[in-house]
Amino acid sequence: MTHPLRRALAIGVVLVLAACRAGGTTAPPSASVVAPSATAEPTETPEASAAPSVAPSESATSAPSNDPSSPFSVAPNADADALFLDRDECENIADGYRLEFPDAWYTNTEIGDVEACSWFSAVSYEVDDPNEPPAEIAIAIEYLDGDRGSFEETIRREFGIVGETQQGVRVEYRGAAGNGGLMPAEWREYLYLVQLGPTEEEGPNLVIRTNTDMGGDYELNKAVLDRIMATIEFIGTTQ
């Protein structure tokens with residue numbers, strides 16, 4: 001079921017937020033699109049704390065790699081499982097993927113240089129500048145021509161298969177300010193890097209990420225991200 005609020009949202013640069021279901025239609029962008037009430041949020045979405053949640057038992061040592069020829073494991077999370085009982089689907093033809101996400105959440109149509117099916121949020125949002133993701137965005141997908149480096153400290157790193165065919169790495173970072181990093185110690189980022197080219201260094205790569213500066217609850221966002229990645233399919237030309 002597609003949530004009625006997903007059909008139209010007002011934005012400064014004309015964006016329609018929509019959940020793009022296969023076989024469905026998406027309302028064309030219009031400057032006269034009416035935004036839903038700021039209080040009209042999907043009732044299906046579990047209430048989450050705005051403060052990031054970080055497990056206290058993290059180790060500074062990277063976890064051992066899992067089987068690089070197997071799909072990534074998905075940790076239990078009752079709230080994320082409940083969200084995925086009712087799903088929607090969207091696709092990004094330019095970057096070559098299709099995926100499922102919670103029907104109670106929101107995604108984007110194409111806006112500026114941001115392709116459709118690139119931003120995900122538990123609440124509706126407006127976009128004033130497509131070069132600046134709105135604060136409500138909980139999960140973002142980026143297509144990179146090359147590799148993605150980081151100056152932060154690696155908490156864990158795992159290898160596996162994404163979408164049945166693509167090599168990937170799952171990484172969690174924490175801030176390492178004062179030790180060569182840029183972010184404070186309490187900062188966290190969780191991401192998948194999916195290799196679309198011959199090597200990770202050469203690229204291109206797809207990066208799907210959430211962090212504690214993004215909208216919603218960090219631990220729930222991680223669990224939703226894992227479940228999105230378990231549904232992703234690659235379309236078009238990939239290695």
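Analyst: This is a predicted model, and in it Cys 90 and Cys 117 form a disulfide, with their sulfur atoms 2.0 Å apart. The count of disulfides comes to one.

User: Which parts of the chain does the pair link?

Analyst: The pair links distant parts of the chain, with Cys 90 in strand E1 and Cys 117 in the loop between E3 and E4, 27 residues apart.

User: And what is the handedness of the disulfide?

Analyst: The torsion about the S-S bond of Cys 90 and Cys 117 is about 55 degrees, so the disulfide is right-handed.

User: Is Cys 90 buried or exposed, and what about Cys 117?

Analyst: Cys 90 counts as buried because its relative accessibility is 1%, and Cys 117 counts as buried at 0%.

User: What is the phi of Cys 117?

Analyst: Cys 117 has a positive phi of about 65 degrees, although it is not a glycine. Most residues other than glycine have a negative phi.

User: What about the phi of Glu 164?

Analyst: Glu 164 also has a positive phi, near 75 degrees, and is a residue other than glycine. Glu 164 lies in the loop between strand E6 (153-162) and strand E7 (166-174), and it counts as exposed because its relative accessibility is 78%, where the cut-off for exposed is over 50%.

User: How far apart are Glu 164 and Ser 69?

Analyst: From C-alpha to C-alpha, Glu 164 and Ser 69 are 9.4 Å apart in space, while in sequence they are 95 residues apart.

User: Switching to sheets, what is the order of the strands in the open sheet of three?

Analyst: The order is E1-E2-E10, and the pairing is antiparallel. Strand E1 (87-92) and strand E10 (233-234) stand at the edges, each with a single partner strand, so one side of each is left without a neighbour in the sheet.

User: How many bridges join E2 to E10?

Analyst: Two bridges join E2 to E10, and these strands run antiparallel; Arg 98 stands opposite Glu 233 in E10.

User: Which strands does H2 lie across?

Analyst: H2 lies across E1, E2 and E10, and it runs at about 140 degrees to E2.

User: OK, now the hydrophobic side: which residues touch the most other members of the largest nonpolar core?

Analyst: In that core, which has 31 residues, they are Leu 99, Phe 120, Ile 139, Leu 206, Ile 208 and Val 224. Elements that each supply at least two residues of this core include strand E2 (97-102), strand E9 (205-211) and helix H2 (218-231), and H2 gives the most, with seven residues.

User: What does Ile 208 touch?

Analyst: Leaving aside residues up to four places away in sequence, Ile 208 touches Ile 139, Ala 140, Ile 141, Tyr 190, Leu 191, Tyr 192, Val 194, Leu 225 and Met 229.

User: How many residues are in the other core?

Analyst: That other core, which lies apart from the largest one, has nine residues, among them Ile 111, Val 114, Trp 119 and Ala 140.

Notes:
Residues are numbered from 1 along each chain as its sequence is written. This is a predicted model: local features need pLDDT of at least 70, side-chain atom pairs count only at pLDDT 80 or more; totals for chains, interfaces and linings use all residues. Side-chain values use heavy atoms; hydrogens and water are left out. A nonpolar core is a set of buried Ala, Val, Leu, Ile, Met, Phe, Trp, Tyr and Cys residues joined through side-chain atoms within 4.5 Å. Buried means under 20% relative accessible area, exposed over 50%, partly exposed in between (1.4 Å probe, protein chains only). Helices (H or I, at least four residues) and strands (E, at least two) are DSSP runs, numbered from the N terminus. Contact means heavy atoms within 4.5 Å. Two strands pair if DSSP finds at least two bridges between them. Axes are lines fitted to C-alpha atoms, for helices over the stretch in contact, and angles run from 0 to 180 degrees between N-to-C directions. A disulfide is a pair of cysteine sulfur atoms within 2.5 Å.
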